[in-house]
Amino acid sequence: MAAFFCVLLSGVALAQGKPNVVVLATGGTIAGAGADVTNSATYQAAKVPVDKLIAGIPQLTDIANVRGEQVFQVASESLKNENLLTLGHRVSDLLKRDDVDGIVITHGTDTTEETAYFLNLVIHSDKPIVVVASMRPGTAMSADGMLNLYNAVSVAGNRESRGRGVLVVMNDEINSGRDVAKTINIRPDAFKSPWGDLGMIVEGKTYWFRRLDKRHTSTSEFDIDKIKSLPLVEIAYASGNVSDTAYRAFAQEGAKAIIHAGPGNGSVSGSLVPVLQELRAKGIQIIRSSHVNGGGFVLRNAEQPDDKYDWVVAHDLNPQKARILATVALSLTNDSKELQRIFMQY
């Protein structure tokens with residue numbers, strides 16, 4: 001009979017031959033609870049601690065050595081830049097360890113796409129980082145959290161997941177943290193990428209279809225270990241009959257950049273153009289993004305003379321992802337041409 005060897009590390013017995021995966025918990029629906037099994041949309045998020053989440057899936061021990069750590073317990077809509085920095089520094093520290101093969105982060109769905117993209121920009125490692133969430137609390141009928149977490153651990157422990165950037169695993173799909181967005185708030189298939197998913201996971205086995213062609217993680221010029229604070233970047237949503245109130249208020253509060261979440265090709269109404277020119281003249285970066293559902297694509301100098309006004313376009317990033325990239329990029333440069341290069345490369 002083959003001997004079964006274990007090593008003892010940090011108080012946890014680790015079976016040799018299995019990947020070592022750390023689950024970092026931050027809260028969200030995946031840690032939520034409702035009053036009744038029929039409550040799939042009415043519940044309290046961020047209630048269940050990470051140890052209980054892991055203990056509820058004993059099959060995890062079949063695929064990895066798993067240990068949990070509660071980084072914070074916050075509903076994701078309430079996350080601040082400081083939370084992103086805390087999480088990023090912890091992920092970076094853990095991935096430097098030889099006894100950590102991959103990271104899973106449990107998260108609320110409301111800002112999963114933002115946190116995943118932030119980590120995709122600033123973590124210098126090719127080890128798998130998987131962000132996982134659920135659309136229904138664990139107390140609901142047909143809850144999706146258990147399978148999502150099982151799949152996330154499987155992906156994080158798979159060497160084939162290395163070098164693919166930060167991943168979001170939900171509903172049997174593996175999406176890039178760079179591309180994926182929450183597209184609906186009441187169905188388990190809520191997360192989609194406008195350019196398609198990277199792969200699928202079925203009964204614990206991964207199937208890959210494509211790779212991300214943008215700079216990320218180990219090839220990124222940004223490094224969480226060197227970032228101690230993040231500048232203020234705000235999003236102003238534009239629609240018919242839009243006024244300049246939000247733009248001026250954000251400028252007054254000290255925003256270093258304003259993401260213009262415009263319709264179509266990041267369109268800017270005629271009445272807003274002089275306002276945005278004025279704010280740019282004061283040193284505030286103006287970044288045109290699109291709030292088109294399903295994926296906007298903003299072309300430079302197409303809707304507006306961006307070169308003339310010294311504005312930046314967000315390329316295919318939605319407004320919330322554009323905010324994340326601008327926040328990170330402004331920690332290195334305030335040059336609009338450099339910012340435009342960054343938006344095209346990341």
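User: In what order do the strands of the open sheet run?

Analyst: In general, the strands of a sheet pair through backbone hydrogen bonds, either parallel or antiparallel. This is a predicted model, and its open sheet has eight strands with mixed pairing, ordered β4-β3-β5-β6-β7-β8-β11-β12. At the edges are β4 (65-70) and β12, each of which pairs on one side only. From one strand to the next, the twist averages 25°.

User: How many bridges join β7 to β8, and are these strands parallel or antiparallel?

Analyst: β7 and β8 run antiparallel and are joined by four bridges. For Met170, the bridge partner in β8 is Glu173.

User: Which helix lies across β5?

Analyst: Helix α4, residues 145-156, runs at about 155° to β5 (102-106). The strands that α4 lies across also include β3 (20-25), β6 (129-132) and β11 (199-202).

User: Now the backbone. What is the phi of Asp172, and where does Asp172 lie?

Analyst: Most residues other than glycine have a negative phi. Asp172 is not a glycine, yet has a positive phi of about 70°. Its place is the loop between β7 (167-170) and β8 (173-176).

User: What is the phi of Thr217?

Analyst: Thr217, also not a glycine, has a positive phi of about 40°. Thr217 sits in the loop between β12 (205-208) and β13 (233-237).

Note on methods:
Residues are numbered from 1 along each chain as its sequence is written. This is a predicted model: local features need pLDDT of at least 70, side-chain atom pairs count only at pLDDT 80 or more; totals for chains, interfaces and linings use all residues. Side-chain values use heavy atoms; hydrogens and water are left out. Helices (H or I, at least four residues) and strands (E, at least two) are DSSP runs, numbered from the N terminus. Two strands pair if DSSP finds at least two bridges between them. Axes are lines fitted to C-alpha atoms, for helices over the stretch in contact, and angles run from 0 to 180 degrees between N-to-C directions. Contact means heavy atoms within 4.5 Å.
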